[in-house]
Amino acid sequence: MLRFFALRLLRALITIGLVVTFAFVVLRLSGDPALIILGPESAPEAIAAFRKAWGLDEPLWRQYFSYFGAIAQGELGRSMRDGRAAMDLVAERIPATLALTIPALIIKIGIGIPAGIIAALNRGSLTDRLVMLLSVAGFTVPSFVLGLVLVLIFAVHLGWLPSGGQDSWRHAILPIATLGIGGAAVLARFTRSAMLEVLGQPYVRTASAKGVPWRQVVIGHALPNATIPTVTIIGFMVGSLIAGAVVVESVFSWPGVGRLLVVAVSNRDLAVVQCILLLVAATMVVSNLIVDFLYGFLDPRLRHAGGRSGS
Amino acid sequence: MSQTSRRSVLLLGGAAVAAPLVPRFAVAQADNRPRITIAVQKIVNSNVLDVLREQSNVGERVFYTSLWESLIGRDWLGNLAPRPGLATEWRRVNDQTVELKLRQGVKFHNGDEMTAEDVVFTFSRERMFANTEAKNRSTIRAFEQIPTPRAGKELPPDIAATARRIWPDLLRIDIVDRYTVRFINATPDVTLEGRLSRYGSDIMSRRGWDEAASYLDWARKPITTGPYKVVEFRPDVSLTLEAHDEYWGGRPPLKSIRFVEVPEVASRVAGLLSGQYQFACDIPPDQIGEIEKNAAFEVQGGTIQNHRLTVFDKNNAQLANPLVRRAFTHAIDRQAIVETLWAGRTKVPAGLQWEFYGDMFHADWKVPDYDPKIARDLLRQAGYRGDPIVYRVLNNYYTNQNPTSQILTEMWRSVGLNVQMQTVENWSQIMERGPARAVRDWSNSAPFNDPVSSIVNQHGPNGQQQQIGEWTNAEMNQLCEVLETSTDRDLRRKSFRRMLEICEREDPAYTVLHQNATFTAKAKSIRWKTAPAFAMDFRPGNYGA
């Protein structure tokens with residue numbers, strides 16, 4: 001078991017290292033932060049002074065190694081826009097993003113999974129078609145379009161809710177709904193497929209033939225087996241809690257990590273971008289580990305296989 | 001003898017505690033001035049409210065006229081010409097010295113009175129110039145010791161460079177008395193008054209600086225003299241200003257102003273229509289009609305002191321011959337762009353100059369005529385063989401940039417120029433040196449009322465175009481020197497004319513497309529007038545009056 005986790009951790013560290021390197025190369029080769037941050041009309045000597053102060057006049061390889069060395073010592077760097085510690089900037093924004101993504105995740109699970117189960121249990125019926133129609137619509141409409149449609153209806157025409165900002169709980173309703181609807185649609189489709197596959201398995205037919213009540217067949221035999229692919233999708237959703245609302249945050253002017261990422265990338269504010277990427281990578285890794293645990297819990301075969309390989 | 005019960009003691013005690021609150025409550029009740037929210041695309045780029053760090057159009061909007069003020073102000077609702085500000089009068093002592101009388105009774109946001117000490121500190125090494133020296137000073141006469149910056153109080157690296165660009169030859173400021181100062185330059189300079197009125201020469205409280213723990217603390221809440229003071233600044237999110245009731249220009253008409261950052265146009269418009277915002281800024285021209293379909297709303301705004309240009313790299317193999325660059329300038333139907341993309345709400349200006357230059361403005365100067373035949377003839381004379389010429393553009397960095405660049409490309413192609421439009425992501429990609437660099441977009445502002453502020457600063461020897469190696473011209477560079485140092489107005493006027501001839505006709509460095517414009521949407525019921533600038537004026541007299 002210990003070896004299993006050590007390997008996972010090593011793989012995660014390599015992944016994070018690659019992400020950091022890739023981001024460094026792409027961001028540094030595609031733009032000069034001095035010119036972008038100070039603007040095209042700024043004095044050339046101001047741009048030169050900025051470059052010197054932030055080491056941007058050094059050879060790229062030297063910038064890379066000094067940056068990587070600093071990360072290895074736990075120093076994530078400072079924002080070139082105002083000199084603040086990148087970690088502080090990102091940490092300030094995390095609560096705002098989680099205030100959207102966690103309720104949205106609850107909505108996704110609370111609506112998506114039951115809808116998928118209902119559709120599967122009523123395959124071919126009007127209910128199934130209706131659920132799938134809504135699911136396809138929710139799945140295919142981009143979040144920025146859905147967000148603007150909700151704003152037009154609930155803010156402009158009905159005047160019930162604010163169109164953007166973060167001043168009260170009411171401001172969170174539309175962005176949460178936008179995130180939740182799209183995610184619920186995805187989960188509904190996956191859950192339905194998984195359920196249909198399981199419902200066609202011999203052990204379900206056997207249980208029914210033995211006279212086990214249908215309700216018990218579904219809850220006791222079908223659902224646990226259908227949960228595995230759904231848990232995988234939910235794992236991805238949990239992994240994107242930190243930076244999974246980039247578009248929605250922009251549409252609703254919500255000051256979360258997503259908007260910070262957009263601003264930081266457009267300014268080539270490397271330390272801030274890297275800090276967010278590290279957090280996202282770490283969240284994904286943790287989320288994947290939790291999913292691995294859950295696989296073992298949900299499917300005893302995996303648990304036993306994992307136990308043997310780890311012993 | 002009166003009886004004192006426990007209840008009466010409690011009541012008296014409660015009344016005593018509440019007493020100081022009653023008048024305040026009464027005042028608060030009487031203060032029914034409105035609070036407004038303004039949706040903007042960006043509050044500031046640099047995350048600070050320092051006029052020397054944030055040198056941008058968006059910065060101008062939140063700084064002026066609410067927060068920062070200079071000794072010589074600007075006629076914000078007129079033609080932006082200089083007018084008394086924190087100084088009531090000024091006079092020339094000699095070609096290098098201007099004496100200013102400070103307005104008495106001006107209060108900073110911390111309650112201090114503005115004096116000559118604050119003015120000197122504003123232009124000090126500690127605040128502005130760090131260890132830089134005046135460009136042309138002939139004697140080493142430091143007017144103050146270069147201070148060792150307090151830990152955490154060091155200036156960001158670009159500030160001194162920006163300050164020296166604004167004040168290249170400022171030697172020192174002498175205090176004549178508590179309300180009189182003298183600005184002394186190293187060289188004769190007729191633009192000193194203009195420089196005093198420009199973005200970046202604004203006065204701050206010395207005590208406000210001293211009491212701030214760090215530069216960042218100060219720059220997030222600068223103590224200035226404007227009619228509104230900073231209550232809260234959340235970078236990339238919002239800026240809340242509150243009325244400064246001791247403002248020298250009278251009681252501000254608004255209780256508070258809140259700028260909120262709403263990056264998406266559709267969201268800004270939706271917030272305006274739903275009543276969440278009272279103003280929505282940065283409205284693209286194609287949205288004006290849509291907004292004004294609703295009779296309760298209107299879009300104000302128009303031209304600002306900023307011209308859109310197309311810039312040439314004369315080192316490019318195809319553009320080395322000025323005849324080819326001249327062909328570019330004659331192939332553009334500027335008026336068509338103004339009519340189709342701007343709904344006629346801007347104009348084609350008289351080259352890189354503005355009316356507020358006064359007697360330096362050449363009213364008879366024009367941009368090159370739109371004449372495809374001339375363009376084709378010029379290309380024939382140049383022997384241009386149709387080799388590709390790269391035109392680098394950004395994705396709508398400027399309003400209407402995408403459609404403008406597409407139209408320009410087609411106009412150029414129609415006269416035989418093989419222009420290849422190349423969309424890139426940022427300015428460093430635009431300016432990246434190499435044989436492919438040829439044509440690009442830009443805009444130029446005039447921060448004060450003299451050509452030095454624009455054609456010299458942007459296209460002269462120290463300007464960006466020459467610094468990045470796009471263009472140079474020996475005669476132009478000599479004329480820049482004349483414009484910067486001569487006090488002979490006639491000579492300066494002639495020199496400027498010659499510079500326009502060189503840069504826009506003989507050896508084109510750029511060609512002016514149109515004047516830029518900015519548009520702000522608001523409810524018609526709000527009585528407010530827009531300025532011909534990004535600045536938004538909420539001083540007494542321009543809101544609800």
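Q: Is the crossing of helix 12 of chain B and helix 14 of chain B left-handed or right-handed?
A: Helix 12 of chain B and helix 14 of chain B cross in a left-handed manner. A crossing is left-handed if the near helix is turned anticlockwise from the far one by less than a right angle, and right-handed if clockwise. Helices (H or I, at least four residues) and strands (E, at least two) are DSSP runs, numbered from the N terminus.

Q: What kind of model is this, and how are things numbered?
A: This is a predicted model, in which local features need pLDDT of at least 70 and side-chain atom pairs count only at pLDDT 80 or more, while totals for chains, interfaces and linings use all residues. Residues are numbered from 1 along each chain as its sequence is written, and chains are lettered from A and ligands numbered from 1 in the order in which they are written.

Q: Back to that pair: at what angle do helix 12 and helix 14 of chain B cross?
A: The axes of helix 12 (residues 322-330) and helix 14 (residues 372-382) of chain B cross at roughly 170 degrees and come within 8 Å. Therefore, helix 12 of chain B is roughly antiparallel to helix 14 of chain B. Angles over 145 degrees count as roughly antiparallel, under 35 as roughly parallel, 65 to 115 as roughly perpendicular and the rest as oblique. Axes are lines fitted to C-alpha atoms, for helices over the stretch in contact, and angles run from 0 to 180 degrees between N-to-C directions.

Q: Which residues make the contact?
A: Helix 12 of chain B contributes Leu323(B), Val324(B), Arg326(B), Ala327(B) and His330(B). From helix 14 of chain B come Ile374(B), Ala375(B), Leu378(B), Leu379(B), Gln381(B) and Ala382(B). Two residues are in contact if their C-beta atoms, placed from the backbone, lie within 7 Å.

Q: How many of those are nonpolar, polar and charged?
A: The contact of helix 12 with helix 14 of chain B has 8 nonpolar, 2 polar and 1 charged residues. Ala, Val, Leu, Ile, Met, Phe, Trp, Tyr, Cys and Pro count as nonpolar, Asp, Glu, Lys and Arg as charged, and the others, Gly among them, as polar.

Q: And chain B overall: how many helices and strands does it have?
A: Chain B has 20 helices and 16 strands. Its radius of gyration is 26 Å, close to the 24 Å that the globule rule gives for 545 residues, so chain B is as compact as a globular protein of that length. The radius is taken over C-alpha atoms, and the rule is 2.2 Å times the number of residues to the power 0.38. Buried residues make up 50% of chain B; a residue is buried if 20 or more other C-beta atoms, placed from the backbone, lie within 10 Å of its own, exposed if 12 or fewer, and partly exposed in between.

Q: Now chain A: which residues pack helix 1 against helix 4?
A: Helix 1 (residues 2-29) and helix 4 (residues 60-72) of chain A pack at about 145 degrees, with their axes 11 Å apart, in a right-handed crossing. Val20(A), Phe24(A) and Arg28(A) of helix 1 meet Leu60(A), Gln63(A), Tyr64(A), Tyr67(A) and Ile71(A) of helix 4. By class, this contact has 6 nonpolar, 1 polar and 1 charged residues.

Q: How many residues does each chain put into the contact between A and B?
A: Chain A supplies 39 residues and chain B supplies 36. Several helices of chain A each give at least two residues, including helix 2 (33-38), helix 7 (143-157) and helix 11 (246-251). Helix 3 of chain A gives the most, with 7 residues. The side of chain A that touches chain B divides into 20 nonpolar, 11 polar and 8 charged residues.

Q: Where is Ser253(A), the residue with a positive phi?
A: Ser253(A) lies in the loop between helix 11 and helix 12 of chain A. Its phi is about 50 degrees, although Ser253(A) is not a glycine. Ser253(A) counts as buried because it has 26 C-beta neighbours inside 10 Å.

Q: And Asn396(B): in which loop is it found?
A: Asn396(B) is in the loop between strand 13 (389-394) and helix 15 (401-414) of chain B, and its phi is near 55 degrees. With 14 C-beta neighbours inside 10 Å, Asn396(B) counts as partly exposed.

Q: Which residues does a cis peptide bond join?
A: Tyr64(B) and Thr65(B) are joined by one, with omega about 5 degrees. Thr65(B) lies in the loop between helix 3 (57-63) and strand 2 (72-74) of chain B.
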